[in-house]
Amino acid sequence: MSAPDSVLIVGASAGGLCTAEALRRGGYKGKITLIGDEPHAPYDRPPLSKQVLHGAWEPERAALRPAQAISALDADFVLGDAAVALDVNARTVRTVSGRFFEANAIVIATGARARHLPGQESLAGVHVLRSLDDTLALRAELLSASRVVVVGEGVLGSEIAATARMLGLDVTLVGPLAAPMAAQIGPLASGLLAQVHQEHGVRLRLGSSITSLTSHRGRVTGVCLANGEELPADVVVVAIGASPATEWLAGSGLRIDNGVVCDSRCRAADGIYAVGDVARWHHEKLGRLTRFENRTNATEQAEAVAAGILGNDAPYAPVSYFWTDQFDVKIQVFGVISAGVEAEAEIIAGDLSARRFVARYTSAGVVTGVLGWNMPKQVRQHRQDVINAMDANRISH
């Protein structure tokens with residue numbers, strides 16, 4: 001299979017940029033075009049809820065690459081012009097400005113969009129955090145606020161709560177689960193994380209859903225919980241997850257189901273690929289369709305997609321990896337940790353009471369994940385436990 005003469009990448013964030021870089025590293029000499037809906041040059045998202053929101057970093061520091069590296073890619077960047085339609089057969093993309101782009105291969109890397117609470121768009125003082133502009137708008141309000149309520153106890157909500165508290169605000173974290181990040185790291189580590197947040201002064205109102213936002217003259221004044229409690233707030237941050245950005249693909253003929261559905265090579269159709277948060281592909285080692293929303297996957301999947309475009313026909317079957325930094329804690333997870341009671345946790349390095357440990361998680365006797373708490377080197381050493389279990393699972397299919 002010969003490489004296509006031209007590649008169009010829709011999405012100019014980490015997944016899109018890394019695809020272009022991987023193509024060039026692989027020796028691709030053809031035309032590369034990247035279309036992005038934001039006006040900014042490609043930037044990294046993990047620092048937004050931490051260093052950039054805090055103010056420890058200037059926004060420019062979140063740039064994924066210096067200007068000279070972007071220039072050296074010899075790619076055309078079309079920024080601030082969102083894609084609105086894809087013609088799979090003609091392999092063309094139309095943008096909001098009315099321009100048409102055609103290529104032999106198209107990579108969909110449009111990421112995900114923050115979910116909203118009903119009615120929040122009409123209220124001042126209610127924020128989501130997905131983009132750089134979101135972060136800067138939220139930071140500007142936090143600097144003049146005193147009370148903030150963060151809705152959503154997942155990774156992003158927990159990070160925002162920690163950052164806001166470090167800025168000196170009165171912070172309350174709310175959500176339906178029992179502890180911060182309970183769905184991502186299970187009861188053992190999330191219970192410890194709850195202690196950390198409380199020790200740093202974050203108020204936890206967990207285990208109760210949100211019923212409504214209160215307001216006065218068009219500005220949010222608080223959050224009402226299902227248990228009847230009302231939490232006053234100057235600012236409310238909604239961090240209740242994200243949805244794959246696939247609206248622009250309506251009528252394209254691609255299969256859309258919690259993302260762009262792809263085969264094990266991340267192909268959605270002949271000559272059409274997907275990468276990053278928007279991609280839901282067949283993971284051969286897990287034996288199911290999978291979608292990972294994490295920074296590491298955007299980079300690794302970009303490498304796989306670029307290799308596929310260049311003729312290397314190999315399945316993409318990674319070990320999921322994510323990390324989070326909150327207060328003085330670094331948590332790293334390889335694989336998947338079930339939030340259910342069927343998951344068993346075993347401390348295999350360090351000491352839980354010292355808050356430096358590695359835990360290995362098994363379900364039905366099979367290793368599914370490992371978690372490191374302030375032990376980055378040690379948890380990486382146990383990544384192979386998850387790989388071995390995945391390989392054994394693949395053979396058993």
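A residue counts as buried when its relative accessible area is under 20%, as exposed when over 50%, and as partly exposed in between, with a 1.4 Å probe and protein chains only. The model is predicted, so local features need pLDDT of at least 70 and side-chain atom pairs count only at pLDDT 80 or more, while totals for chains, interfaces and linings use all residues. Residues are numbered from 1 along each chain as its sequence is written, and side-chain values use heavy atoms, without hydrogens and water.

**Cysteines and a buried threonine**

A disulfide is a pair of cysteine sulfur atoms within 2.5 Å; by this rule the count is 0 disulfides. Cys 262 is in none, and the nearest cysteine sulfur, that of Cys 266, lies 6.1 Å away. From the side of Cys 266, the closest cysteine sulfur is that of Cys 262, and 6.1 Å is too far for a bond.

| Residue | Relative accessible area | Class |
|---|---|---|
| Cys 262 | 6% | buried |
| Cys 266 | 0% | buried |
| Thr 95 | 0% | buried |

Thr 95 belongs to strand 5 (residues 92-95). Helices (H or I, at least four residues) and strands (E, at least two) are DSSP runs numbered from the N terminus. Contact means heavy atoms within 4.5 Å. Neighbours within four places in sequence aside, Thr 95 is in contact with Ile 35, Asp 81, Ala 82, Ala 83, Val 84 and Phe 101.

**Helix 4**

Helix 4 spans residues 132-142, and its Leu 132, Thr 135, Leu 138 and Leu 142 are buried. These residues lie on the same side of helix 4 because they cover an arc of only 130 degrees around the axis, taken from the directions from the helix axis to the C-beta atoms. The buried residues of helix 4 pack against helix 2 (51-54), strand 9 (126-127), strand 10 (147-151) and strand 16 (235-238).

**The second largest pocket**

A pocket is an open set of points on a 1 Å grid over the protein atoms alone, with protein on both sides within 12 Å along at least five of seven lines; lining residues have an atom within 4 Å of a point. The second largest pocket holds about 290 Å³ of space. It is lined by 18 residues, and Leu 286, Arg 288, Val 367, Thr 368 and Met 390 are the closest to its centre. Strand 27 (366-373) and helix 9 (383-396) are the elements that give two or more residues to this lining. Helix 9 gives the most, with 4 residues.

Conventions
1 Å grid on protein atoms, 1.4 Å probe; cavity = no way out; pocket = protein on both sides within 12 Å on 5 of 7 lines; lining within 4 Å. Points joined across faces, edges and corners; volume = space filled by probe spheres on them.
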